[in-house]
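Please keep the structure in view while reading.

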Amino acid sequence: MTLVGELQDLLGEDRVLADPLRTHVYGKDAGIRRGEVAVVVLPATAAEVVGIVEIATRYGIPIVPRGAGTGLAGGTVPTSPSLVVSLTRLTGIAVDAESQTAWVGAGVLNLDLSNHTAAHGLHFAPDPSSQAACTIGGNVANNSGGPHCLAEGTTVNHVLAVELVTAGGELIVLGGESPDPIGLDLRGIVVGSEGTLGIVTRALVKLTPNPPAVRTLSLIH
């Protein structure tokens, strides 16, 4: 059995990309550097991510987690032939309007989350300039935010917990509903770690109430 064969047994042939013509696009982010991709996998559940990590560990191949690839920091660019784990199919959203929180899959687009929660009068405050394309997993990996962070706090202030697959293939949850957990804040360490501490599959995020009204004011002096 080969690496690709075991991955296909786990995910099916359609979610394992090994053809260089198909993997080429996954070799870079929005920057200019390009890396070499050995194979790309498209998991749809956290359990599949666990299985992928276990297989990659047996074959000794590096793993690079990837969201939408909109970053400029090179975090998703392989430095050697690697297995790229694209998390764009982890798109579940479970909103708790009463507690103003939501468990969100790593592949959910930033702006889609705010659109999804608009019916509850809530939104996700961090707003990177690429929010129409970037994913929540990418936000978490890079602590990405936009102008709203000036008033609302950076992304790490809006992530209460993360569901994480460790390098050993263990699925764990760091953090919880409390915004100020007792003891070492491991959740805060993961946010901004660019996937070096594990693969985030879901995040528990804090939602912010929408303003009651928005008006544009023009002043002429």
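Helices (H or I, at least four residues) and strands (E, at least two) are DSSP runs, numbered from the N terminus, and contact means heavy atoms within 4.5 Å. Axes are lines fitted to C-alpha atoms, for helices over the stretch in contact, and angles run from 0 to 180 degrees between N-to-C directions. Two strands pair if DSSP finds at least two bridges between them.

The model is predicted, with local features needing pLDDT of at least 70 and side-chain atom pairs counting only at pLDDT 80 or more, while totals for chains, interfaces and linings use all residues. Residues are numbered from 1 along each chain as its sequence is written, and side-chain values use heavy atoms, leaving out hydrogens and water.

**The mixed sheet**

- An open sheet with mixed pairing is formed by 4 strands in the order β1-β2-β4-β3, and its edge strands, each pairing on one side only, are β1 (16-17) and β3 (63-66).
- Strand β2 (residues 37-41) pairs with strand β4 (residues 82-86) in the parallel sense over 4 bridges, and Val41 stands opposite Val85 in β4.
- Helix α1 (residues 3-11) lies across β1, β2 and β4, and runs at about 10° to β2.

**Helix α3**

- Among the buried residues of α3 are Val49, Val50, Ile52 and Val53, where buried means under 20% relative accessible area with a 1.4 Å probe, protein chains only.
- Just after α3, Gly60 takes a positive phi of about 65°.

**The antiparallel sheet**

- A further open sheet, with antiparallel pairing, has 5 strands in the order β5-β6-β10-β8-β9.
- At its edges stand β5 (93-96) and β9 (171-175), each with a single partner strand, so one side of each is left without a neighbour in the sheet.
- Strand β6 (residues 101-105) runs antiparallel to β5 and is joined to it by 4 bridges, with Thr101 in β6 as the bridge partner of Asp96.
- Helix α4 (residues 110-117) lies across β5, β6 and β10, running at about 45° to β5, while α3 lies across β8 (159-165), β9 and β10, running at about 45° to β8.

How values were computed
Buried < 20%, exposed > 50% of the residue type's maximum accessible area, 1.4 Å probe, protein only.
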